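Morning, everyone. Please have the sequence and the model open while I talk. I'll go through a helix pair, a sheet and one more helix.

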Amino acid sequence: MIPRHIGLGPRNLPGLRAPSSFNRPILTPRYQRWTQPRWTSRTWESTTTGEGKTGHIDAAPNESILWIDNLFPLKLSGLMRAPWKSPDQDLSGLMKRFENSTLGILDPINMVKRAIPTAVPVKVTEILPRLKDGGAFVKFTYPANVPATEIETAITKYLEEKPVRPFFSPFRSVQAGLVQGVPWLEDLHRFPKVRLRVEFVPKNPGEEAVELSQETLYSMFRRYGKIADIVSQPWDSKVLPKFAYVDFGFVRDAIMARNCLHGFVVTEELGGGKSGTMLRMSYEARAKPHRIWDWITNHPRIVIPVIVALLTGLTVVIFDPIRSFFVKAHVTQKFHLSNSRIYRWLRKQTSDILSFRREKAGLAGLDAVWTHRKDLIDQIQTWLMETAETFIVVQGPRGSGKKELVLEQALKGRNNVLVIDCKPIVEARGESATIKQMASAVGYRPIFSYANSLSSMADLAVQSTTGVKAGFSETLESQLQKILQTTAGALTDIGISNRSKTDSDASLPADAYLEAHPERRPVIVIDNFLHKGDSNAIVYDKLAEWAAGLVQSNIAHVIFLTNDTSYSKSLSKSLPDRIFRHAALGDLSPDVAKKFIMSHIVGDEKSQPETAEEDSGEPSEKGLELQIQPDLTELDECIGTLGGRLTDLEFLARRLKAGQNPRQAVTDITEQSASEILKMFLLPGKATSDGEHKWSVEQAWYLVKTLASSEALRYNEILLHGAFSASTTAPDGEAALEGLANTELITIKTANGRPGYVTVGKPVYQAAFRLLADDVVLAAKMDLAVLKELAKDEAKTIDKAEAELALLGGLPRQPAQTSGRITYLLGKVEGAQKKVEAYEAEMGRLKKVLASQY
């Protein structure tokens, strides 16, 4: 018996056994004894894994195997992939459907019968269908005097003359080939491919195999179909056993070659060596050539810039119009609820039930302020009606009412006003948050702020691998520039949106039209400009450049609101040849402050319902007059202490309405301000040099203590004091003063364009400073810290002088020229020592105070 490997196929073909034998005509007189061939009882008795599931097929003498291809569609091999199903059961059901089909001529068994001519002297003994390979192994017996190759030749010639085509493959007929090797019929999930891996193994273990040449392989495999390529194993490869790749043009040709030549032994005459070489074959997936993708990956210097350009163009084409639309909607408030007709109608109908307005008390109080500043409001409105390529700057301390004056008075009733608050933009943490806040301020959406971080990482990865910067990421400056440019374009469209074709100047360009009609330009209000000074200066620089472009192109009016007196340094970089239109707001005078408080309280009384007046039995205004009249003198004194800062006055008015008397209210406000100063400036750990704070606790205390007894200090006098000139934590005295001014502890006044003197940041701080200076324990603690700083500085002076004296004393002889220097150094040591002793004595007294008092 000859063992033969078997593989994936059906258990048998149930129901496909021939019910009876069939007669075949005689091919030649030589084959007369084979004129009555028949199907034997062994037909269809093997399983998918061979007889007994051993993986082999037994062949008797004068028995051969024929492979008949193209009996089943290859796509049905997917039915074998379900691991929980038996392939025998699947194929059994499939074969039953084939047998029960009405298309009998297309049944696989009929195609097998039609493929074998009746003139061939063979007796079919067994058929093993191979669904995965799309064909079947046909075992047959033949006469001893007839070579099997003649039978193969006769069948092949017959199929060429009378092709048998299955219904699923009308262009490829059934093919037949004699199995010359030992086929392996496996039921693994290995499916046919056009590439065959042909391994060269020895016939018997221990013997030596020979690597066949491409010519030999071609002569053996070409008969089964068109060969696309033969790839030999690289000469330096250490992989064993040796192998070669044979690529066919069609999958069925590869199937035919593998099933016919697997296990074939190449003899010495054919080039297989003395002991012969066995061929072992398997399917292998061939890597498909991706030429376009390979070219893209191999040319990153060209492809990456092109991709960036395409993405940029796509962004411009798709997102820029959307973003411009949202900016226009944000400026014009087209979709704002308060502009809705339904909303206005509801507000009018329910004005006596619901409150859609500010408190009348607040409005009445501010009316007194606006009456006092009527000239300034008129001046700003006049500037907005003129054509001038410059900025309007409204400067004043924090809490002086800059924003209310501009938005609620100067721009009252004006459309197309864009307010940009710099405070949230500058205070945002990180570039993504800064971009998001800037976009939100102008209505720029959609914005993908997180994409900048992702693109930065992608750019870094590409640069590290290719050496070329891809350009995916954009800097903060470029992102802000893109947002502001889109906003400028939207503002231009808004300015000319009301232009009619019938106007005499309708044909003018946009900039010329807006120059002729300044009243139609949008107004940009940039609030909190130079908030936190130099922090995030790039935002202020970009806003100033953008605003300069707007006013020079006559696109919009720009109003800056700032509390920094040195604003001209920043704005002059953008408009160096222009004089800014400046409007200064200060603290209110005592008379106006008193009117503000009185009108605030009277307005609150007038806002009470009429029913309350009836219940009281007398007019509310008269009752208010009786309440305030006894405290008028006290109120005047308290306003002098509180100052004319608008926010502080409004705070006082609220406390008076709550029932407090003026003195008690001012005392509470002063104590609250003192607590804020103590918490923000005088507690330990408040000295930093991170760009936000550049001052020390000792410097802040020196200003608090000195300004408590003096209304103003000379700027240079402060810098010469030891707390600023000898500080170890904040050695830059001018930066310390600037930082304290930015936090509004002090105000730096100018004289002839230079810093001249220093005053308190808010009028109420004068009283708060006195309150802190009168605290004996706090004063002792802070003076002790200042004295320690001064003592350290004097100790450094002594160390330097002693080091130089030691150097001079180490000379071999003392030259006469060094006597003056030695005397000077000794005087320095003596003076510094006396100061240290005085400091130590004072520190001892202060320590006693701290130890004895609470």
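Start with a contact: Ile677, Phe681 and Leu682 in α24 meet Val697, Ala700, Trp701 and Val704 in α25. Contact here means heavy atoms within 4.5 Å. Those residues divide into seven nonpolar, no polar and no charged. Nonpolar covers Ala, Val, Leu, Ile, Met, Phe, Trp, Tyr, Cys and Pro; charged is Asp, Glu, Lys and Arg; the others, Gly among them, are polar.

This is a predicted model: local features need pLDDT of at least 70, side-chain atom pairs count only at pLDDT 80 or more, and totals for chains, interfaces and linings use all residues. Numbering runs from 1 along each chain as its sequence is written, and side-chain values use heavy atoms, with hydrogens and water left out.

Back to the pair. The axes of α24 (residues 662–682) and α25 (residues 697–707) come within 9 Å and cross at roughly 145°. Axes are lines fitted to C-alpha atoms, for helices over the stretch in contact, and angles run from 0 to 180 degrees between N-to-C directions. Helices (H or I, at least four residues) and strands (E, at least two) are DSSP runs, numbered from the N terminus.

Now the sheet. Three strands form an open, antiparallel sheet in the order β15-β17-β16. Strands pair if DSSP finds at least two bridges between them. β15 (713–714) and β16 (746–751) are the edges. Six bridges join β16 to β17 (residues 754–760).

Last, α17. Helix α17 (residues 537–552) has 16 residues. Its buried residues include Tyr540 and Trp546; buried means under 20% relative accessible area, exposed over 50%, partly exposed in between (1.4 Å probe, protein chains only). Asn554 follows α17, with a positive phi near 60°.

Key:
The expected span of a helix is 1.5 Å times one less than its number of residues.
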